[in-house]
Amino acid sequence: MRVTTGCLTGLLASVSLAAMLAGCDKPKQQAAAPADTSGQTVILQKLLDAKPGDVITIPAGVYHLDSSISLNVDGVTVRGEGMDKTVLDFTNQINGSEGFAVHASNFTIEDIALQNSKGDALKVNEGQNIIIRRVRAEWTNGPATSNGAYGLYPVQTKNLLVEDCYVRGASDAGIYVGQSQNIVVRRNHAIENVAGIEIENSSFADIYDNEATKNTGGILVFNMPNLPVPGHSTRVFHNHAYANNTPNFGAKGTAVSSVPAGTGVIVNANKKVEIFDNDIADNATGNVIIASYFSTGFMTKTGVAEAYDPYPEAIYIYGNHFKGGGDAPDTLKLKAAKLALFGLTGHFPDVIWDGFANPKKLVDGKLPADSAICVDNAPSDVLNADGPNDFKGAKVDTAAFACNLEKMAPITLTGPLADTPATSGAAKS
């Protein structure tokens with residue numbers, strides 16, 4: 001028997017769930033609890049009774065829940081014994097729109113799995129100082145439109161760390177950070193999602209040391225219209241984005257359903273994005289795509305707010321290691337362009353720009369130096385897809401992107417997250 005400190009973690013793994021979570025009375029050795037929803041009430045009560053500073057420890061085991069769980073108290077830590085040991089299973093969920101919904105600050109969740117939820121696996125809304133560490137969010141049946149949209153879904157947060165997690169099967173994004181500020185997403189594994197990792201309408205983000213493979217799109221940095229804040233200042237570096245060629249299984253009509261299969265890194269309508277020192281390979285449409293909102297194929301029914309800027313600007317691509325890719329693009333227009341330019345056995349260059357630029361900012365046909373799209377990544381070439389003319393004038397035009405931008409400073413987490421140690425992690429490979 002492994003003995004640990006604390007009234008919850010010091011109990012035998014074979015004790016019934018109620019005994020494991022209810023208190024510190026000496027447990028009686030008995031057969032393991034059956035795989036039913038008997039633990040749901042206990043877990044819900046622990047979350048309901050939580051007070052600032054509490055650590056809620058859930059011992060190893062598979063806990064079957066038919067209802068979502070929630071937390072609305074600041075300063076709480078929810079901790080399991082490992083992402084493959086403590087499993088909250090929502091396969092039979094009939095109530096609630098998420099697996100675990102959190103509306104709190106100073107929140108940490110670690111060493112736990114949330115699987116097969118009806119909707120998003122974990123949603124953290126409007127919190128500050130959030131740590132999501134060694135969490136597995138998975139739909140075990142693999143890619144399916146019926147799966148929940150998001151695996152890990154922090155939105156409207158500030159000072160956020162997502163590290164050493166594993167996400168699989170999300171019908172929108174495995175890790176989605178929306179409308180947030182001061183963000184670090186590192187050492188995560190995103191596999192078989194529509195979007196592996198997506199940073200949307202968020203600012204000051206470092207995305208590094210992640211693996212994104214077998215998604216429709218590997219790593220996305222987007223600005224979407226009609227949201228309260230635009231995004232800017234994101235660094236994408238030291239990631240491994242390869243073979244993201246899974247057919248798009250997003251629900252029709254959603255923005256992510258327009259992402260072409262076979263994309264490694266996509267920047268859409270965002271500003272001040274650095275993409276550097278990544279290993280990006282074998283993404284069949286393109287290893288890196290820089291696009292405007294006009295190329296998304298997703299247009300809102302209510303129109304776009306006048307303040308929304310649909311163009312990508314100040315994008316800096318340098319020092320990446322590219323291999324393969326661009327040989328089997330997803331859409332008919334891109335297939336035709338590839339065939340016309342490079343023949344049956346050819347492939348697109350490593351970087352594709354859709355060709356849309358803000359005409360109001362152009363000076364002699366070029367963007368100002370501080371708004372330019374710069375590619376310093378020899379020997380890689382750049383394709384201007386000429387989207388405004390329906391790809392009719394698509395051409396390799398690498399020299400037009402030969403420029404440099406000022407590099408951004410690393411993100412520094414503040415407050416309770418300052419000096420957060422770089423743990424070795426237990427992310428599933």
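In which strand is the place of Ala314? Please begin there and then go on to the rest of the chain.

Analyst: Ala314 lies in strand 26, which covers residues 313-318. The model is a predicted one, and in it the phi of Ala314 is positive, at about 55°, although this residue is not a glycine. Most residues other than glycine have a negative phi. Ala314 has a relative accessibility of 11%. Because the limit for a buried residue is under 20% relative accessible area, Ala314 counts as buried.

A positive phi is also found at Asn201, where the value is near 50° and the residue is again other than glycine. Asn201 belongs to a loop, the one between strand 16 (195-200) and strand 17 (203-208), whereas Ala314 is placed within a strand. Asn201 is likewise counted as buried, with 2% relative accessibility.

The peptide backbone has a further feature to note at Ala378 and Pro379, which are joined by a cis peptide bond with omega of about 10°. Most peptide bonds are trans. Pro379 sits in the loop that runs between strand 29 and strand 30 (382-384).

A search of the whole structure finds 1 disulfide, and the link of Cys374 and Cys403 is left-handed, with -105° about the S-S bond.

Of its 429 residues, 56% are buried. Among contacts between residues at least 6 apart in sequence, 64% join residues at least 24 apart. The chain exposes about 18,000 Å², of which carbon and sulfur atoms supply 53%.

As for the interior, nonpolar side chains tend to be buried together in soluble globular proteins. Here the largest nonpolar core has 64 residues, and Phe100, Ile132 and Leu152 have the most contacts inside it. Beyond its neighbours within four places in sequence, Ile132 is in contact with Ile109, Leu122, Val124, Leu152, Pro154, Leu161, Val162, Glu163 and Cys165. Another core, of 25 residues, lies apart from the largest one, and its members include Tyr176, Val194, Leu383 and Ala385. Cys165, one of the contacts of Ile132, is buried, with a relative accessible area of 0%.

Finally, there is the largest pocket, with a volume of about 530 Å³. It is lined by 23 residues, and those closest to its centre are Ser295, Thr296, Leu334, Asp354 and Phe391. At least two residues of the lining come from each of strand 22 (263-268), strand 25 (286-291), helix 3 (332-342) and strand 28 (351-353).

Technical notes
Residues are numbered from 1 along each chain as its sequence is written. This is a predicted model: local features need pLDDT of at least 70, side-chain atom pairs count only at pLDDT 80 or more; totals for chains, interfaces and linings use all residues. Side-chain values use heavy atoms; hydrogens and water are left out. Buried means under 20% relative accessible area, exposed over 50%, partly exposed in between (1.4 Å probe, protein chains only). Contact means heavy atoms within 4.5 Å. Accessible areas come from the Shrake-Rupley method with a 1.4 Å probe; for residues, only the protein chains shown count as cover. A disulfide is a pair of cysteine sulfur atoms within 2.5 Å. A nonpolar core is a set of buried Ala, Val, Leu, Ile, Met, Phe, Trp, Tyr and Cys residues joined through side-chain atoms within 4.5 Å. On a 1 Å grid over the protein atoms alone, a cavity is a set of points where a 1.4 Å probe fits but cannot get out, and a pocket is an open set with protein on both sides within 12 Å along at least five of seven lines; lining residues have an atom within 4 Å of a point. Grid points are joined across faces, edges and corners, and a volume is the space filled by probe spheres set on the points. Helices (H or I, at least four residues) and strands (E, at least two) are DSSP runs, numbered from the N terminus.
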